[in-house]
Amino acid sequence: MGVLYVVATPIGNLEDLSPRARRILGDVSLVAAEDTRHTGSMLRRLGIGTPLISNHGFNERSRVERLLEALADGDVALVSDAGTPAISDPGAIFVRAAAEAGYKVIPIPGPSAVTAAVSASGLVDGQFLFVGFLPRASGERDKTLSAALKSGVPLVLYESGNRINALCESLESNAPNREIAVFRELTKLHEQAIRGVAADLSTLLTDISRKGEFVVVVGVGAETNPVDLDQLIRHELAHGRKASDIARELAKQTDQPRSEIYDRVLVLSKTDNQGA
Ligand code: SAM
């Protein structure tokens with residue numbers, strides 16, 4: 001009975017492949033790859049001739065039976081195009097089926113864009129929420145992002161160069177005060193990082209290319225205590241702004257629920273007027 005090895009591969013720099021991963025890719029009977037051409041070229045560069053089978057996201061379900069047959073005959077290594085399988089990549093369906101069928105599943109840890117970005121962000125000290133890719137449609141994207149922002153822990157977002165502008169626009173409007181670190185092309189020759197607050201993202205991004213792969217780490221916002229919130233509300237009231245406008249704007253700024261801010265605006269406008 002074979003073993004399923006879930007093998008992390010480099011996210012851009014071949015030197016990041018661990019010696020253990022390299023040995024296992026050479027020892028197994030079959031490598032199940034997201035894209036056989038992509039992994040084939042990596043194996044050739046390593047001088048490894050193990051046969052490949054495709055386990056693309058589109059065929060993962062239909063492939064499971066074939067992959068389980070292969071496991072019955074010998075060890076199989078599962079890889080994705082880059083990084084760790086099953087992290088915003090295919091793999092979970094096969095891993096689950098193998099475990100359910102009683103096969104031993106052994107992870108071979110290594111590169112992943114999420115851990116690389118978290119470790120170099122300086123914005124994570126404990127928990128974080130890995131969001132991965134946000135939905136493409138702008139309404140869904142804002143909805144998912146604002147729910148994630150409410151988690152109260154730093155976020156990690158994946159995005160490709162094609163849509164990094166849309167992601168930054170969502171962050172600018174939904175979390176202007178949050179500290180962010182944007183990593184582009186990690187481990188590659190033209191690796192870049194920028195740091196700042198989300199409100200300045202479009203300006204900051206003018207300094208780096210929009211092509212390639214991105215990870216964005218969003219820090220937790222500064223705590224807004226009730227006194228700060230009251231001050232902000234009074235400032236807006238002093239400028240004659242409507243309660244609903246104040247609530248909408250401060251909810252974005254402070255990540256606090258709009259309805260609670262609205263109620264507080266009503267309380268303050270009443271008590272302050274009585275005191276006047
Ligand atoms: N399984 C991979 C992992 O463990 O990170 C992630 C695969 S996911 C399909 C691809 C996304 O990961 C990219 O769009 C980007 O957000 C992120 N990513 C992968 N490689 C990267 C790199 N070298 N630099 C920055 N982000 C990267």
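Against which elements do the buried residues of helix 1 pack? The legends below answer this and describe further close-up views of a predicted model.

**Figure 1. Helix 1 and the elements packed against its buried residues.** Helix 1 spans residues 19-27, and within it A21, I24 and L25 are buried. These three residues lie on the same side of helix 1, because the arc that they cover around the axis is only 100°. An α-helix has 3.6 residues a turn, so residues three or four places apart point the same way. P19 and D27, on the other side of helix 1, are exposed. The partners of the buried residues are strand 1 (3-7), strand 2 (30-33), helix 2 (36-46), strand 4 (76-79) and strand 5 (104-108).

**Figure 2. The largest nonpolar core.** This core comprises 21 residues, and those with the most contacts inside it are L157, L171, L201, V216 and V218. Two or more residues each come from helix 6 (138-149), strand 7 (155-160), helix 7 (164-174), strand 8 (179-184), helix 8 (201-205) and strand 10 (213-218). Helix 7 makes the greatest contribution to the core, namely four residues. Another core, of 17 residues, lies apart from this one and includes L17, I24, V28 and M42. In soluble globular proteins, nonpolar side chains tend to be buried together.

**Figure 3. Surroundings of L201 in the largest nonpolar core.** When neighbours within four places in sequence are left aside, L201 is in contact with C168, L171, E172, I180 and V182. Both L201 and L171 are among the residues with the most contacts inside the core.

**Figure 4. The largest pocket and its lining.** The space in this pocket amounts to about 570 Å³. Its lining consists of 25 residues, and A82, A113, F133, Y158 and E213 lie nearest the centre of the pocket. Strand 7 and strand 10 are the elements that give two or more residues to the lining. Sorted by class, the lining holds ten nonpolar, six polar and nine charged residues.

**Figure 5. T9 in the loop between strand 1 and helix 1.** T9 counts as buried because its relative accessibility is 1%, under the cut-off of 20%. Beyond neighbours within four places in sequence, the contacts of T9 are L17, M42, V79, S80, D81, A82, G83 and P111.

Figure 6. With a relative accessibility of 36%, S88 counts as partly exposed. A relative accessibility of 14% places E185 in the buried class.

**Figure 7. K270 in helix 11.** Helix 11 covers residues 258-275 and contains K270. K270 is exposed, since its relative accessible area is 56% and the exposed class begins over 50%. Along the chain, K270 and L25 are 245 residues apart, and the distance between their C-alpha atoms is 70 Å. L25 is one of the buried residues of helix 1.

Methods: Residues numbered from 1 in each chain as written. Predicted model: local features only at pLDDT ≥ 70, side-chain atom pairs only at ≥ 80, totals over all residues. Heavy atoms only, no water. Core = buried A, V, L, I, M, F, W, Y, C linked by side-chain atoms within 4.5 Å. Buried < 20%, exposed > 50% of the residue type's maximum accessible area, 1.4 Å probe, protein only. Contact = heavy atoms within 4.5 Å. Arc of directions from axis to C-beta. 1 Å grid on protein atoms, 1.4 Å probe; cavity = no way out; pocket = protein on both sides within 12 Å on 5 of 7 lines; lining within 4 Å. Points joined across faces, edges and corners; volume = space filled by probe spheres on them. Nonpolar A, V, L, I, M, F, W, Y, C, P; charged D, E, K, R; others polar.
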